[in-house]
Amino acid sequence: MGAPRIIVAFDFPRAEQALTLAARLEPGSCRVKVGKELFTAAGPQVVEKLMGKGFDVFLDLKFHDIPSTVANACKAAADLGVWMMNVHALGGRRMLSAAREAVPAGTTKLIAVTLLTSMERSDLNEVGLNGDPQDVVERLVLLVRDCELDGVVSSALEAPRIRQLIGGSFCVVTPGIRPADASVDEQKRITTPRQAIENGADYLVIGRPITQAPDPALMLHRLNDEIEGRIRF
Ligand code: C5P
């Protein structure tokens with residue numbers, strides 16, 4: 001297979017669980033996302049251990065703070081040598097530009113979250129983001145591109161429009177992925193893996209459908225086959 005397009009979300013409370021799962025997966029078949037839970041519990045050491053096993057790590061801490069704080073945090077993350085990291089687009093232009101300055105293009109990939117895939121229109125309206133989620137995402141995508149980040153995290157439902165707006169060189173990472181027969185959990189704006197690729201996603205973040213599967217390696221294998229068009233669920 002080509003470079004792995006599935007990023008497995010290692011959402012675990014302890015390093016041991018992450019390392020046990022890592023031992024069952026191949027770095028040639030997936031990349032790994034370390035998010036707030038695992039990083040808060042296990043710190044940079046677990047990131048280093050996963051990288052030491054050959055995995056590309058996406059450090060998903062969605063930084064959102066004043067520009068200088070975010071810039072310093074981004075630099076610390078990039079110094080760890082992670083493959084990809086992110087900030088929150090709602091932090092605004094000055095924060096995004098400060099992050100870009102701290103992580104020069106061509107090193108760690110720096111992307112921004114637009115809207116969380118767990119949020120639907122009523123959630124957005126409640127926090128004052130009125131209008132269609134699609135319009136909010138489009139505004140944020142253009143802002144992220146303007147600040148010269150490498151891409152966005154976004155629902156796969158928005159990926160076709162993002163491709164229309166920005167074209168091919170911008171990286172689109174999509175969580176909220178569920179195989180047709182899987183539990184939806186709290187995700188709202190979801191697609192199947194195949195749909196996400198057809199919609200223009202570069203990388204798919206998939207957590208529980210793989211991490212909670214009886215055989216995570218087998219599930220990963222099925223999902224890789226599905227996105228490469230060899231089977232359909
Ligand atoms: O288990 P599941 O496949 O729902 O995991 C999705 C992962 O993607 C979680 O780690 C979550 O934090 C992350 N994520 C998301 N929506 C975003 C950004 C990140 O679900 N917009």
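User: In helix α1 (residues 15–24), which residues are buried?

Analyst: A residue is called buried when its relative accessible area is under 20%, exposed when it is over 50%, and partly exposed in between, using a 1.4 Å probe and protein chains only. This is a predicted model, in which local features need pLDDT of at least 70 and side-chain atom pairs count only at pLDDT 80 or more, whereas totals for chains, interfaces and linings use all residues. Residues are numbered from 1 along each chain as its sequence is written, and side-chain values use heavy atoms, with hydrogens and water left out. In α1, the buried residues are A15, A18, L21 and A22. Looking down the axis of α1, these buried residues fall within an arc of 130°, so they line one face of the helix; the arc is that of the directions from the helix axis to the C-beta atoms.

User: What covers the buried residues of α1?

Analyst: The elements are DSSP runs numbered from the N terminus, with helices being H or I of at least four residues and strands being E of at least two. The cover over the buried residues of α1 includes the strand β1 (6–9) together with the helices α2 (36–52), α9 (208–211) and α10 (216–227).

User: At what angle do α1 and α2 pack, and which residues meet?

Analyst: Axes are lines fitted to C-alpha atoms, for helices over the stretch in contact, and the angle runs from 0 to 180 degrees between N-to-C directions. For α1 and α2 the packing angle is about 35°, with the axes 9 Å apart. Contact means heavy atoms within 4.5 Å, and by that criterion A15, A18, L19 and A22 in α1 meet L38, A42, V46, K49 and L50 in α2. Sorted by class, this contact has eight nonpolar, no polar and one charged residues, where Ala, Val, Leu, Ile, Met, Phe, Trp, Tyr, Cys and Pro count as nonpolar, Asp, Glu, Lys and Arg as charged, and the others, Gly among them, as polar.

User: Which hand does the crossing of α1 and α2 have?

Analyst: A crossing is left-handed if the near helix is turned anticlockwise from the far one by less than a right angle, and right-handed if clockwise. The crossing of α1 and α2 is right-handed, α3 passes α4 in a right-handed crossing, and the crossing of α6 and α7 is right-handed.

User: How are α3 and α4 oriented to each other, parallel or antiparallel?

Analyst: Angles under 35 degrees count as roughly parallel, over 145 as roughly antiparallel, 65 to 115 as roughly perpendicular, and the rest as oblique. Helix α3 (residues 67–79) packs on helix α4 (residues 93–102) at an angle of about 30°, with the axes 8 Å apart, and the two helices are therefore roughly parallel to each other. In this pair, P67, V70, A71, C74 and K75 of α3 meet R94, M95, A98, A99 and A102 of α4, a contact with eight nonpolar, no polar and two charged residues.

User: At what angle do α6 and α7 cross?

Analyst: The axes of α6 and α7 come within 10 Å and cross at roughly 40°, which makes α6 oblique to α7. On the α6 side the contact is made by Q134, V137, E138, V141, L142 and R145, and on the α7 side by R161, I162, L165 and I166; its classes are six nonpolar, one polar and three charged residues.

User: Where is K33 found, and is K33 buried or exposed?

Analyst: K33 is found in strand β2 (residues 31–35) and, at 8% relative accessibility, counts as buried. Leaving aside neighbours within four places in sequence, K33 is in contact with I7, V8, A9, F10, D11, F58, D60 and V205. V205 itself is found in strand β8 (residues 203–206) and is buried, with a relative accessible area of 8%; the residues that V205 touches, again not counting those up to four places away, include K33, F58, V173 and T174.

User: Which residues have a positive phi although they are not glycine?

Analyst: Most residues other than glycine have a negative phi. Among those with a positive value here, K62 has a phi of about 40°, and E148 has a phi near 65°.
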